[in-house]
Each structure stands twice: as C-alpha cells, then as structure tokens.
Amino acid sequence: MNSENFSLSEKIVSTSYIRQGREARRSHEQLIRHLLEQGKCPEEGWSESTIELFLNELAVMDSNNFLGNCGVGEREGRVASSLVARRHYRLIHGIGRSGDIAAIQPKAAGSSLLNKLTNSVVLDILKLSGVVASCFVVPMATGMSLTLCFLTLRHRRPKARYIIWPRIDQKSCFKAMITAGFEPVVVENVLEGDELRTDLEAVERKIEELGAENILCVHSTTSCFAPRVPDRLEELAAVCAKHNIPHIVNNAYGVQSSKCMHLIQQGARVGRIDAFVQSLDKNFMVPVGGAIIAGFDESFIQEISKMYPGRASASPSLDVLITLLALGASGYKKLLSERKEIYLFLAQELKSLASSHRERLLHTPHNPISLAMSLDGLQADSDKAVTQLGSMLFTRQVSGARVIPLGKEQTISGHTFRGFMSHSEAYPCPYLNAASAVGITREDVTLCIKRLDKCLKTLKKEGNAAKNNG
C-alpha cells in the first residue's frame with residue numbers, strides 16, 4: 001500500500017497498529033530499494049515474503065496484469081491455466097524482443113526489469129567468484145549456449161570451418177560444434193601421472209597445419225570429470241592471442257570452483273578468452289534450462305545476445321534471481337566453502353575405501369571438483385564386473401557416480417571416440433568417478449561410501465565364487 005492508503009487505513013484500525021504495519025512494509029521496501037540502486041546480490045538473503053512481494057510488484061507492471069487491459073494482438077500474455085500463471089508469478093511475457101534478448105519490452109516493464117536485474121546480480125556473483133566480466137543469462141543449457149557463441153563467431157570469421165577441441169568426453173559440447181556447422185578437430189590429451197592434460201604442442205601443430213584463418217576458435221574446458229583436469233587455460237589463451245584465434249571456454253560447473261575461475265581470469269590477463277559459458281543448474285541449484293554467457297569484451301557479449309532469435313523464456317532468469325536473493329552473497333559463499341570442505345572429506349573417504357579394496361584414489365590434484373578411484377581389482381575378477389558396479393550403484397540410489405570400463409567406443413555425428421568416457425584412447429585402468437559439487441552434504445558422501453563398499457564386497461564375493469566353480 002502507498003502512504004495514502006495507509007492513512008485511510010488509520011480510520012478503520014488503530015493508528016498505532018497501522019504505523020507498525022507501515023514500518024514492516026518499509027523494511028521490505030528498503031531491501032528492494034537497495035537492489036534497484038546497487039544491482040548487486042544482497043549480502044544477506046531475503047525472506048520468501050520479501051521475494052514474493054518484489055515479484056508481485058514486478059508482475060503488476062506487465063500489460064497482461066493491467067486492470068481493464070484490452071489485448072487484441074497474437075501475444076498478449078494469455079495463460080489458460082491459473083496454476084501455470086502462479087508458477088510463473090504471472091510474469092508471462094518472457095524477456096527480450098525479436099531482435100535482441102536483452103531489449104526492453106514495451107508491454108512488459110516488470111519482466112524487462114527482472115531481466116536486467118538478474119543479469120546484474122549474476123554479474124556480481126561472477127565477481128564474487130573471482131572473475132570480472134560482462135554477462136547475460138540465456139534460457140538454454142550449456143551446449144546450445146556454446147552453439148550460440150560459435151554461430152556469432154561465424155560472422156566475424158566467415159572462412160573458418162574448424163574448431164580445435166582438446167578432448168573431453170561429454171556429448172553436448174561436441175554436438176554444440178556440429179550443430180553450429182563446424183568440424184571439430186579433436187586433440188587427444190597427454191597422460192601426466194594419473195592426470196589427462198592439454199597437449200599444447202598438438203594444438204600448435206593443428207594451427208600450423210590448418211592455418212589460423214581457417215580456425216573458428218579453440219574450444220577449451222575447465223570443469224570436467226577426473227582424471228581429466230581443466231585445460232591449460234593460460235597457455236591456450238596465449239596461443240590464441242599469438243595466432244589471433246578466438247577462444248571459447250566451456251566452464252559448465254566451474255563457477256563453484258575458485259581454481260576454475262582463477263584460470264579464466266588469468267587466461268584473459270595473459271592472452272585471449274572471448275567467452276566462457278556456465279550452467280545455471282550446476283552452479284546455482286535451479287532447474288535445468290539456463291546458462292550464463294560471459295566474456296571480457298562487452299561488445300562481443302552484446303553481439304552474442306543480439307544473435308539470439310526472438311523473445312525468450314524468463315523462467316531461468318526468474319529461478320536464478322529468486323535463488324540468489326534467498327541465499328544472499330553470504331549464503332552462496334557459505335555453499336562454496338562447504339563444497340571445498342566436503343571435497344577433502346570425499347577424497348579422504350574414497351582413499352580409505354580404495355585402500356581397503358586394494359585399489360587407489362587416482363592422483364588428480366589439478367581437478368578441484370571431481371575424483372576418481374581405480375577399479376583394477378574388479379576388472380581382474382570379471383570383465384563384466386566394472387559395468388555391473390555402475391548398475392548396482394544406480395539401483396541403490398547412488399546418483400552421479402560414473403563407472404568407466406576400458407575400451408568403450410562411441411560414435412557421435414560420424415566421429416568415433418575410442419575409450420569413450422575416459423577422455424583418452426587408452427587410459428591405463430578402469431575407474432569410478434565421484435564429485436563434490438555445490439549443495440553436496442557429508443551425509444551424501446557417507447551414504448555413497450557405505451553403499452559403494454557393500455557393492456564392491458558383493459562383486460568380490462561373486463567373483464571368488466565364479467572362480468571356485470570354474
């Protein structure tokens with residue numbers, strides 16, 4: 001209510017009570033005012049009542065919620081289901097206009113304000129995580145967001161047909177290049193101890209062989225499954241600057257890692273990084289469907305934004321804004337700190353479990369999120385035991401653990417990967433992955449280790465029985 005309505009209310013209910021209510025309302029409005037003034041994630045998280053008040057205030061600014069609105073166009077924010085309307089807080093118009101996802105919509109001042117504030121708050125979180133850049137939220141997951149980056153580069157480098165890609169066995173980032181109409185040039189990783197690392201010499205050779213003018217970009221990766229570790233971003237960025245080749249980084253779940261974000265910031269400092277893409281769901285615990293496209297050249301990031309055709313769903317922006325307002329900067333920093341602590345706990349527990357089964361925790365110090373445990377003994381017991389372990393864990397409700405057997409082949413868009421899922425044509429051993437990602441708890445780790453131990457014992461027992469019967 002405005003001041004006039006509060007004054008009128010004093011004629012109905014005791015003035016002291018109304019003043020108390022007015023002060024309570026003012027405390028909510030003060031938080032909203034700070035957000036509008038600063039465009040930053042609040043230090044302390046908001047209550048649900050403040051967030052809902054704010055979203056309702058935004059919604060009434062959109063034309064579909066105007067009292068007496070008369071819509072005669074084809075896109076008037078009409079929604080058949082009241083449940084759907086409530087799910088979206090009646091913010092129905094989406095974001096952007098036909099020519100630019102960041103443009104203001106005349107029919108939707110509230111949704112446009114939502115979009116601008118979300119981009120501003122997310123930018124603040126990227127700074128908090130260690131990178132100073134420009135960014136915008138796009139309602140597509142990481143793979144399609146990478147495709148949008150590649151398509152934007154096509155206009156800058158019309159003769160280019162190749163993308164140099166240090167191998168990472170994840171289908172969507174490979175298909176992103178194919179979908180954009182380019183030919184991925186797969187550069188195999190080199191084995192250093194247990195770690196798979198970027199082969200910089202092979203990247204340089206490919207540039208010399210293909211010609212820099214024929215290469216759209218180098219497509220590198222930060223966050224990945226061990227024993228693959230983040231690419232040598234600083235060195236790759238320097239190579240790209242040297243040859244004047246764009247550099248796009250797949251930073252899928254790297255925002256939660258200070259090490260991944262440091263690599264990006266350093267890469268931009270010593271060389272060239274044109275854009276880096278990160279998922280909303282993996283980094284901020286929201287539903288799948290959105291990503292952040294960020295970079296150090298604001299004009300290029302705007303160019304990518306304008307490449308997006310048509311209007312876009314506001315759902316990913318709404319989800320991440322609600323989440324960050326609820327957490328606050330302090331809440332998100334706490335989650336990042338807890339994730340690091342649990343990474344150490346997970347490493348300790350996996351190492352202990354591996355030792356008890358005569359396996360070992362692979363030494364991958366350059367991977368700050370994912371860990372891997374060898375499965376040599378399991379492979380020796382039975383060719384099928386490694387694959388069976390993956391099935392057993394899944395049926396026992398251990399999600400996210402990946403079991404990687406030896407020698408698997410996979411063909412994607414005509415390219416055959418040998419040793420698929422291991423990021424290498426011939427990794428020395430089968431292994432199991434586990435990751436300490438944002439939101440994980442000690443209870444998750446404890447239950448996983450307990451169930452994994454039980455599965456390994458069961459498979460060992462079955463293997464011994466088969467040998468005895470044989």
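Me: In what order do the 3 strands of the open sheet stand, and what is the sense of the pairing?
Reply: The model is predicted. In it the order is β10-β14-β11, and the pairing is antiparallel.

Me: Why do β10 and β11 count as edge strands?
Reply: Each has a single partner strand, so one side of each is left without a neighbour in the sheet. β10 covers 370–374 and β11 covers 402–404. Neighbouring strands here are turned by 25° against each other on average, direction ignored.

Me: How do you know that β10 and β14 pair?
Reply: Pairing needs at least two bridges. β10 and β14 (residues 431–435) have 5 bridges, in the antiparallel sense. Therefore they count as a pair.

Me: What is the strand order in the open sheet of 7 strands, and what is its pairing?
Reply: The order is β1-β9-β8-β7-β6-β2-β3, with mixed pairing.

Me: What makes β1 and β3 edge strands?
Reply: β1 (134–138) and β3 (183–187) each have a single partner strand, so one side of each lacks a neighbour in the sheet.

Me: What lines the largest pocket, and which residues lie nearest its centre?
Reply: 38 residues line it, with Phe225, Ser399, Gly400, Ala435 and Ala437 nearest the centre. The elements giving two or more residues are α6 (142–156), α7 (171–179), β14 and α16 (442–469). α16 gives the most, with 6 residues. The space in this pocket is about 860 Å³. By class, its lining has 19 nonpolar, 14 polar and 5 charged residues.

Me: What is the volume of the second largest pocket, and which residues are closest to its centre?
Reply: The volume is about 310 Å³. Of the 14 lining residues, Ala102, Asn119, Cys135, Phe136 and Gln302 are closest to the centre. α5, β1 and α12 (298–307) each give two or more residues to the lining. α12 has the largest share, 5 residues. By class, the lining holds 5 nonpolar, 5 polar and 4 charged residues.

Me: Why is Arg78 called exposed?
Reply: Exposed means over 50% relative accessible area. Arg78 has 56% relative accessibility, so the residue counts as exposed. Arg78 is found in the loop between α3 (48–59) and α4 (82–87).

Me: Which residues does Arg78 contact, leaving aside neighbours within four places in sequence?
Reply: Arg78 is in contact with Gly71, Val72 and Gly73. The cut-off for contact is heavy atoms within 4.5 Å.

Definitions and conventions. Residues are numbered from 1 along each chain as its sequence is written. This is a predicted model: local features need pLDDT of at least 70, side-chain atom pairs count only at pLDDT 80 or more; totals for chains, interfaces and linings use all residues. Side-chain values use heavy atoms; hydrogens and water are left out. Helices (H or I, at least four residues) and strands (E, at least two) are DSSP runs, numbered from the N terminus. Axes are lines fitted to C-alpha atoms, for helices over the stretch in contact, and angles run from 0 to 180 degrees between N-to-C directions. On a 1 Å grid over the protein atoms alone, a cavity is a set of points where a 1.4 Å probe fits but cannot get out, and a pocket is an open set with protein on both sides within 12 Å along at least five of seven lines; lining residues have an atom within 4 Å of a point. Grid points are joined across faces, edges and corners, and a volume is the space filled by probe spheres set on the points. Ala, Val, Leu, Ile, Met, Phe, Trp, Tyr, Cys and Pro count as nonpolar, Asp, Glu, Lys and Arg as charged, and the others, Gly among them, as polar. Buried means under 20% relative accessible area, exposed over 50%, partly exposed in between (1.4 Å probe, protein chains only).
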